[in-house]
Amino acid sequence: MSNIDPSGTFTLGDRKVRRLGYGAMQLAGPGVFGPPKDRDAALAVLREAVAHGVNHIDTSDFYGPHVTNQVIREALAPYPDDLVIVTKIGARRGKDGSWLPAFSPKELTQGVHDNLRNLGRDVLEVVNLRIMFDMHGPAEGSIEAWLTVLADLQRQGLVRHIGLSNATATQIAEGRRISKIVCVQNQYNLAHRGDDALIDALARDGIPYVPFFPLGGFSPLQSSILSDVATRLDATPMQVALAWLLRRAPNILLIPGTSSLAHLRENLAAAKLDLPKDTMTALDGIAPNVRAA
Ligand SMILES: NC(=O)c1ccc[n+]([C@@H]2O[C@H](COP(=O)([O-])OP(=O)(O)OC[C@H]3O[C@@H](n4cnc5c(N)ncnc54)[C@H](OP(=O)(O)O)[C@@H]3O)[C@@H](O)[C@H]2O)c1
């Protein structure tokens, strides 16, 4: 029995993962660029996450770049059998740390090989195609050419499953005509609910939805309603934000990011936090619900 068992499980690809996972982006240096400020602390965070039962870790070789995957490998290889590492391709970093699209067949192929090498794997369990028509949010445009390249890498045996990130419903439908899509990773949290209808649609099809920035990302969530609920439940606002996501839909898998052991422990304890119905209703009121009628 792990500490995070109360979060439940959901199928990702063909593996069952605990719904409370871990996002490794915060382990790179400032601006997700360069080495961590404290490498030993980064190794400790990863080892403790796994010791608590985390078996879903999100990463990318463009975090650092390369650094985050190298830290994951140093901390966790040889990897536990049940660990699912999800990575993403579609960007590269400029010399100044800028995020640049990387969608030519050569760049996509290079992205897969960079992840394989730095994670020390023969095959990547899940690779998300990170769509970049607009870096900051889903925007329409065909993904057929890029996904065809990724599907070819899958046929070569380098990639087991394919997911999409920063995707619109139209792109997900287009993607599902080309390849099986096993997860969608978009921005979503208590205050940013543009994907409400999409989450419900994916839940009906049994496809995991993995919100990035579950705690608000670079601008941590702040709301008097959130703080009031946290005080009432003797929890922290971040724990309430995660518990709300766990209860929002059964197909939501969490990957909160942190470089701090104390924050990691706090976040994992959210698995056990029970949110009574009236607190769910209060939290739902923080942002407009844009579910389909
Ligand atoms: N697909 C995409 O385009 C995309 C984009 C962004 C992120 N991601 C993935 O999503 C994961 C999660 O996103 P994220 O890490 O950017 O944002 P997040 O999980 O919403 O928030 C992380 C931020 O919150 C802080 N934090 C974490 N736990 C805390 C706590 N208990 N109390 C107070 N502060 C806390 C962290 O600082 P400390 O380090 O000090 O704890 C960090 O600044 C990433 O790690 C990455 O794997 C994907």
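Helix H2 and helix H3 (residues 105–119) pack with their axes 8 Å apart, at an angle of about 35°. The structure is a predicted model, in which local features need pLDDT of at least 70, side-chain atom pairs count only at pLDDT 80 or more, and totals for chains, interfaces and linings use all residues. Residues are numbered from 1 along each chain as its sequence is written. Helices (H or I, at least four residues) and strands (E, at least two) are DSSP runs, numbered from the N terminus. Axes are lines fitted to C-alpha atoms, for helices over the stretch in contact, and angles run from 0 to 180 degrees between N-to-C directions.

From H2, Asn69, Gln70, Ile72 and Arg73 take part in the contact. They meet Asn115, Asn118 and Leu119 in H3. Two residues are in contact if their C-beta atoms, placed from the backbone, lie within 7 Å. By class, the contact of H2 with H3 has 2 nonpolar, 4 polar and 1 charged residues. Here Ala, Val, Leu, Ile, Met, Phe, Trp, Tyr, Cys and Pro count as nonpolar, Asp, Glu, Lys and Arg as charged, and the others, Gly among them, as polar.

A second pair is formed by helix H4 (residues 144–155) and helix H5 (residues 169–178). Their axes lie 10 Å apart, and the packing angle is about 40°. H4 and H5 are therefore oblique to each other. Angles under 35 degrees count as roughly parallel, over 145 as roughly antiparallel, 65 to 115 as roughly perpendicular and the rest as oblique. Glu144, Leu147, Thr148 and Ala151 of H4 meet Glu174, Gly175 and Ile178 of H5. This contact of H4 with H5 has 3 nonpolar, 2 polar and 2 charged residues.

The axes of helix H7 (residues 224–233) and helix H8 (residues 237–248) cross at roughly 100° and come within 8 Å. H7 and H8 are therefore roughly perpendicular to each other. H7 contributes Leu226, Ser227, Val229, Ala230 and Leu233 to the contact. H8 contributes Pro237, Val240 and Ala241. The contact of H7 with H8 divides into 7 nonpolar residues, 1 polar and no charged.

An open sheet is built from 6 strands in the order S3-S4-S5-S8-S9-S10, and the pairing is parallel. Strand S3 (22–23) and strand S10 (181–185) stand at the edges with a single partner strand each, so one side of each has no neighbour in the sheet. Two strands pair if DSSP finds at least two bridges between them. Strand S9 (residues 159–165) pairs with S10 over 3 bridges, in the parallel sense. Ile162 stands opposite Ile181 in S10.

Several backbone features fall in loops. Most residues other than glycine have a negative phi, and most peptide bonds are trans. The peptide bond from Gly64 to Pro65 is cis, with omega near -10°. Pro65 lies in the loop between strand S4 (56–58) and helix H2 (67–76). The bond from Ala77 to Pro78 is also cis, with omega near -5°. Pro78 sits in the loop between H2 and strand S5 (84–89). Val32 is not a glycine, yet has a positive phi of about 55°. This residue lies in the loop between S3 and helix H1 (39–51).

The ligand has 27 residues around it, of which Gly23, Met25, Leu215, Gly257 and Thr258 come nearest. A residue is near a molecule or strand if its C-beta atom, placed from the backbone, lies within 6 Å of it. Helix H9 (residues 261–268) supplies the largest share of the shell, 3 residues. By class, the shell holds 10 nonpolar, 13 polar and 4 charged residues.
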